[in-house]
Amino acid sequence: MQHPPVRLLPPRRFGDARGWFTETYNRDTFAALGIGCTFVQDNHSLSVPAYTLRGLHFQTPPRAQDKLVRCVRGRIFDVAVDLRRGSPSYGQWVGAELSAATGDQLFIPVGFAHGFVTLEPECEVVYKCSDTYAPEQDGGIAWDSAGIDWPIPAGIVPELSAKDQVQPTLAAFDSPFDYDGRPLTPFA
(Lines give C-alpha, C1' and ligand atoms only; values in the text may rest on other atoms or scores of the structure.)
Protein backbone atom coordinates (compact mmCIF):
# COMPACT_ATOMS: atom_id res chain seq x y z
CA MET A 1 0.00 0.00 0.00
CA GLN A 2 1.37 3.38 -1.01
CA HIS A 3 1.05 6.03 1.69
CA PRO A 4 0.13 9.64 0.82
CA PRO A 5 3.04 12.07 1.11
CA VAL A 6 1.52 14.49 3.66
CA ARG A 7 -0.01 12.73 6.66
CA LEU A 8 -2.29 13.88 9.49
CA LEU A 9 -1.39 11.77 12.51
CA PRO A 10 -3.79 11.68 15.46
CA PRO A 11 -2.14 10.51 18.68
CA ARG A 12 -3.06 7.64 20.94
CA ARG A 13 -3.54 9.16 24.37
CA PHE A 14 -3.73 7.09 27.54
CA GLY A 15 -5.51 8.99 30.28
CA ASP A 16 -6.77 8.79 33.80
CA ALA A 17 -7.77 11.26 36.52
CA ARG A 18 -4.25 12.76 36.51
CA GLY A 19 -4.23 13.61 32.80
CA TRP A 20 -2.83 11.73 29.82
CA PHE A 21 0.32 10.29 28.25
CA THR A 22 1.14 10.03 24.55
CA GLU A 23 4.10 8.94 22.50
CA THR A 24 4.75 11.72 19.96
CA TYR A 25 7.49 9.93 18.03
CA ASN A 26 8.76 6.37 17.77
CA ARG A 27 11.07 5.43 14.90
CA ASP A 28 9.60 1.93 14.49
CA THR A 29 5.97 3.06 14.65
CA PHE A 30 6.61 5.78 12.10
CA ALA A 31 8.51 3.38 9.81
CA ALA A 32 5.45 1.08 9.87
CA LEU A 33 3.42 4.10 8.68
CA GLY A 34 5.81 4.62 5.76
CA ILE A 35 7.72 7.48 7.41
CA GLY A 36 11.31 6.32 7.47
CA CYS A 37 13.26 9.58 7.80
CA THR A 38 15.62 10.28 10.67
CA PHE A 39 14.95 13.48 12.58
CA VAL A 40 18.04 15.43 13.64
CA GLN A 41 16.74 18.82 14.85
CA ASP A 42 13.82 20.01 16.98
CA ASN A 43 12.44 23.55 16.68
CA HIS A 44 10.05 25.37 19.02
CA SER A 45 8.30 28.66 18.21
CA LEU A 46 6.10 31.02 20.20
CA SER A 47 3.71 33.31 18.33
CA VAL A 48 2.18 35.89 20.68
CA PRO A 49 -0.51 37.61 18.55
CA ALA A 50 -3.40 35.66 17.05
CA TYR A 51 -3.19 35.42 13.25
CA THR A 52 0.60 35.31 13.16
CA LEU A 53 1.46 33.58 9.89
CA ARG A 54 4.74 31.74 9.44
CA GLY A 55 5.49 30.40 5.99
CA LEU A 56 5.51 29.10 3.42
CA HIS A 57 9.00 27.67 4.04
CA PHE A 58 11.24 24.82 2.90
CA GLN A 59 14.90 23.93 2.43
CA THR A 60 16.15 22.97 -1.00
CA PRO A 61 18.31 19.95 -1.87
CA PRO A 62 20.79 18.78 -0.83
CA ARG A 63 19.62 19.98 2.62
CA ALA A 64 15.86 19.48 2.14
CA GLN A 65 13.84 18.65 5.26
CA ASP A 66 10.99 16.36 6.23
CA LYS A 67 9.02 17.92 9.13
CA LEU A 68 6.79 16.57 11.88
CA VAL A 69 4.73 19.44 13.29
CA ARG A 70 2.54 19.71 16.40
CA CYS A 71 0.99 22.53 18.38
CA VAL A 72 1.70 22.28 22.11
CA ARG A 73 -0.17 25.42 23.21
CA GLY A 74 -3.16 26.99 21.49
CA ARG A 75 -4.46 26.24 17.98
CA ILE A 76 -2.99 26.68 14.52
CA PHE A 77 -4.02 25.99 10.93
CA ASP A 78 -1.08 24.09 9.42
CA VAL A 79 -0.57 23.66 5.65
CA ALA A 80 1.63 21.89 3.12
CA VAL A 81 1.91 22.97 -0.55
CA ASP A 82 3.11 20.51 -3.20
CA LEU A 83 6.25 21.88 -4.91
CA ARG A 84 7.36 18.68 -6.70
CA ARG A 85 8.06 19.23 -10.42
CA GLY A 86 5.86 16.97 -12.54
CA SER A 87 3.40 16.25 -9.75
CA PRO A 88 -0.26 16.13 -10.85
CA SER A 89 -0.97 18.01 -7.61
CA TYR A 90 1.76 20.66 -8.07
CA GLY A 91 0.74 23.89 -6.33
CA GLN A 92 -2.14 22.22 -4.47
CA TRP A 93 -2.32 22.30 -0.69
CA VAL A 94 -3.73 20.42 2.28
CA GLY A 95 -4.29 21.85 5.72
CA ALA A 96 -5.50 20.87 9.15
CA GLU A 97 -6.11 22.45 12.50
CA LEU A 98 -3.53 21.33 15.04
CA SER A 99 -4.05 22.05 18.71
CA ALA A 100 -2.69 21.26 22.12
CA ALA A 101 -6.11 19.82 22.96
CA THR A 102 -6.06 17.13 20.23
CA GLY A 103 -2.31 16.54 19.89
CA ASP A 104 -2.66 15.85 16.14
CA GLN A 105 0.59 16.06 14.18
CA LEU A 106 1.25 16.81 10.53
CA PHE A 107 4.04 15.02 8.67
CA ILE A 108 5.33 17.12 5.76
CA PRO A 109 7.88 15.43 3.49
CA VAL A 110 10.60 16.92 1.33
CA GLY A 111 9.12 18.67 -1.69
CA PHE A 112 6.42 20.58 0.17
CA ALA A 113 6.34 24.14 1.48
CA HIS A 114 5.13 24.41 5.07
CA GLY A 115 3.34 27.20 6.89
CA PHE A 116 0.84 27.91 9.62
CA VAL A 117 -1.34 30.66 11.02
CA THR A 118 -2.15 30.94 14.71
CA LEU A 119 -5.85 30.90 15.54
CA GLU A 120 -5.50 32.38 19.01
CA PRO A 121 -2.87 34.29 21.02
CA GLU A 122 0.12 32.62 22.67
CA CYS A 123 0.57 29.60 20.37
CA GLU A 124 3.57 27.32 20.66
CA VAL A 125 4.57 24.97 17.86
CA VAL A 126 7.21 22.24 18.03
CA TYR A 127 8.52 20.43 15.00
CA LYS A 128 11.14 17.86 14.13
CA CYS A 129 13.31 18.21 11.01
CA SER A 130 15.27 15.58 9.08
CA ASP A 131 18.18 17.98 8.43
CA THR A 132 19.65 20.87 10.35
CA TYR A 133 19.04 24.48 9.37
CA ALA A 134 21.09 25.49 6.32
CA PRO A 135 20.73 29.24 5.56
CA GLU A 136 22.10 28.81 2.03
CA GLN A 137 19.29 26.31 1.24
CA ASP A 138 16.54 28.30 2.99
CA GLY A 139 13.60 29.04 0.71
CA GLY A 140 10.00 30.11 0.64
CA ILE A 141 7.04 31.21 -1.41
CA ALA A 142 4.54 33.96 -0.67
CA TRP A 143 1.87 32.89 1.80
CA ASP A 144 -0.93 34.26 -0.39
CA SER A 145 0.22 32.87 -3.77
CA ALA A 146 -0.95 29.24 -3.52
CA GLY A 147 -4.70 29.72 -3.17
CA ILE A 148 -4.76 28.60 0.45
CA ASP A 149 -8.06 29.17 2.23
CA TRP A 150 -6.46 30.57 5.39
CA PRO A 151 -9.01 30.83 8.26
CA ILE A 152 -8.31 34.52 8.80
CA PRO A 153 -11.34 36.75 9.47
CA ALA A 154 -12.16 39.39 6.86
CA GLY A 155 -10.35 42.64 7.56
CA ILE A 156 -7.53 40.98 9.54
CA VAL A 157 -4.03 41.25 8.09
CA PRO A 158 -1.80 38.43 9.36
CA GLU A 159 1.39 39.21 11.28
CA LEU A 160 4.33 38.38 8.97
CA SER A 161 8.10 38.42 9.37
CA ALA A 162 10.11 40.78 7.18
CA LYS A 163 11.33 37.70 5.26
CA ASP A 164 7.80 36.42 4.64
CA GLN A 165 6.67 39.80 3.33
CA VAL A 166 9.03 39.49 0.32
CA GLN A 167 8.94 35.80 -0.65
CA PRO A 168 8.48 35.06 -4.39
CA THR A 169 5.11 33.87 -5.63
CA LEU A 170 4.41 30.24 -6.41
CA ALA A 171 4.10 31.18 -10.11
CA ALA A 172 7.63 32.69 -10.07
CA PHE A 173 9.17 29.73 -8.21
CA ASP A 174 11.46 27.33 -10.12
CA SER A 175 11.19 24.13 -8.11
CA PRO A 176 14.26 21.97 -7.44
CA PHE A 177 12.04 19.15 -6.06
CA ASP A 178 11.17 16.06 -8.12
CA TYR A 179 7.89 14.17 -8.08
CA ASP A 180 8.12 10.79 -6.32
CA GLY A 181 4.97 9.20 -7.79
CA ARG A 182 2.72 9.89 -4.76
CA PRO A 183 0.05 12.51 -5.51
CA LEU A 184 -1.19 14.79 -2.78
CA THR A 185 -4.54 13.60 -1.43
CA PRO A 186 -7.05 15.14 0.96
CA PHE A 187 -7.03 13.89 4.54
CA ALA A 188 -9.49 11.08 5.23
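Author: A salt bridge is a side-chain nitrogen of Lys or Arg within 4 Å of a carboxyl oxygen of Asp or Glu. The model shown here is predicted. By that criterion, the number of salt bridges in the structure is 14.

Reader: Which residue forms a salt bridge with E124, and which strand holds that partner?

Author: The closest N and O atoms of E124 and its partner R73 are 3.3 Å apart. E124 lies in strand β12, so the pair ties together parts that are 51 residues apart in sequence. The partner is R73, in strand β6 (residues 67–73).

Reader: Is E124 buried or exposed?

Author: Buried means under 20% relative accessible area. The relative accessible area of E124 is 19%, so this residue is buried.

Reader: Is S45 buried or exposed?

Author: S45 lies in strand β4 (residues 41–47). This residue touches R54, F116, C123, E124 and V125, leaving aside residues up to four places away in sequence. Its relative accessibility is 13%, so S45 counts as buried.

Reader: Which strands stand at the edges of the open sheet of five strands?

Author: The order in this sheet is β9-β7-β11-β5-β13, with antiparallel pairing. An edge strand has a single partner strand, so one side is left without a neighbour in the sheet. The edge strands are β9 (93–99) and β13 (138–140).

Reader: What is the bridge partner of L53 in β11?

Author: Strand β5 (residues 53–59) pairs with strand β11 (residues 112–118) in the antiparallel sense, over four bridges. In β11, L53 has as its bridge partner V117.

Conventions
Residues numbered from 1 in each chain as written. Predicted model: local features only at pLDDT ≥ 70, side-chain atom pairs only at ≥ 80, totals over all residues. Heavy atoms only, no water. Helix = DSSP H or I, 4+ residues; strand = E, 2+ residues; numbered from the N terminus. Buried < 20%, exposed > 50% of the residue type's maximum accessible area, 1.4 Å probe, protein only. Contact = heavy atoms within 4.5 Å. Pairing = 2+ DSSP bridges.
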